[in-house]
Amino acid sequence: MEYKKIQILVPQYKENEETISFLLDSIESQLHIDKKDVGVIICSDGGEYVLDQKFLDKYSYDIEYVICEHRGVSATRNFALLISDAEYVMFCDADDGFVSNIGIYSLVRSLDLNPKSEMLSTKIFIEDNVNDMPEFRIGDHNNTFVHGKVFRREFLISNKLFFDERLKIHEDSFFCNIINFYAKDKAYNNNAFYCYRKNPK
C-alpha cells in the first residue's frame with residue numbers, strides 16, 4: 001500500500017454494502033485531490049456481514065478491508081490506527097459520509113496551511129436523525145464527537161493515545177478530550193461537510 005496523506009478509518013459491524021456505500025461514494029466524488037493521497041481502512045468488528053471484495057474494487061482509491069474478532073468499536077478503531085501508515089487519520093462511522101465534494105480537499109488544505117498541527121477540528125457537522133422523517137441540523141462541533149476531526153497519526157502513536165476499550169458508550173468524548181489536553185498545535189476548519197447519521201438502532 002502506498003503512503004497516504006490521509007486515511008479514513010472505518011469500523012464495520014453489521015453494515016452492508018448499501019449502508020456503507022453512502023460513505024464510500026461520497027469519498028469517490030471528492031474533487032481537487034489526488035486519490036493516491038487518500039485511503040480507507042475498513043475494519044470489521046467480527047460482524048455477521050462480510051463486504052464483497054468486488055464491491056470494494058469498484059472504487060478508484062485504495063481500500064483495505066480487515067476482518068477482526070468482535071471486540072467492540074474502540075478496539076476496532078485502535079486496530080485500524082495501528083495498521084495505518086498515513087500522515088493523518090480520520091475516524092468515520094460506516095453509515096456516515098461527506099456531503100460536500102470538496103470536503104477532503106478542504107481538510108488537506110487546512111493541514112497544509114498548518115503543517116505542525118496535531119489535531120484538526122471542523123467545529124461543525126451535519127446531523128441526520130435516521131427515522132421516518134429525517135431531520136438535518138448543523139451541530140456545534142466540540143470535543144464530544146470524533147466526527148469531522150483529523151489527527152496526526154504519529155502524534156497519537158508516539159503518545160499512546162488510543163480509544164479506551166473498556167468504554168461501551170461515550171468513547172468518543174473520552175478520546176477527544178484526552179487528545180485536546182495533549183495536543184499543543186491545533187487547527188480549525190469552519191466548513192460543514194461531514195454528515196453524522198444518528199441511528200437509534
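## Cys-43

Cys-43 is buried, with a relative accessible area of 0% (buried means under 20%, with a 1.4 Å probe and protein chains only). Cys-43 sits in strand S2, residues 38-44 (strands are DSSP E runs of at least two residues, helices are H or I runs of at least four, both numbered from the N terminus). Leaving aside residues up to four places away in sequence, Cys-43 touches Val-10, Pro-11, Gln-12, Val-66, Cys-68, Thr-76, Phe-79 and Ala-80 (contact means heavy atoms within 4.5 Å).

## Basis of the model

This is a predicted model, in which local features need pLDDT of at least 70, side-chain atom pairs count only at pLDDT 80 or more, and totals for chains, interfaces and linings use all residues. Residues are numbered from 1 along each chain as its sequence is written, and side-chain values use heavy atoms, without hydrogens and water.

## Arg-77

Arg-77 belongs to helix H3, residues 73-83, and is buried, with a relative accessible area of 3%. Residues touched by Arg-77, not counting those up to four places away in sequence, include Pro-11, Phe-91, Val-146 and Glu-171.

## Whole protein

The protein has six helices and eleven strands. Buried residues make up 51% of its 201 residues. Of the contacts with a separation of 6 or more, 77% are between residues 24 or more positions apart. The C-alpha atoms fill a box of roughly 40 × 40 × 40 Å along the principal axes.

Key: Buried means under 20% relative accessible area, exposed over 50%, partly exposed in between (1.4 Å probe, protein chains only).
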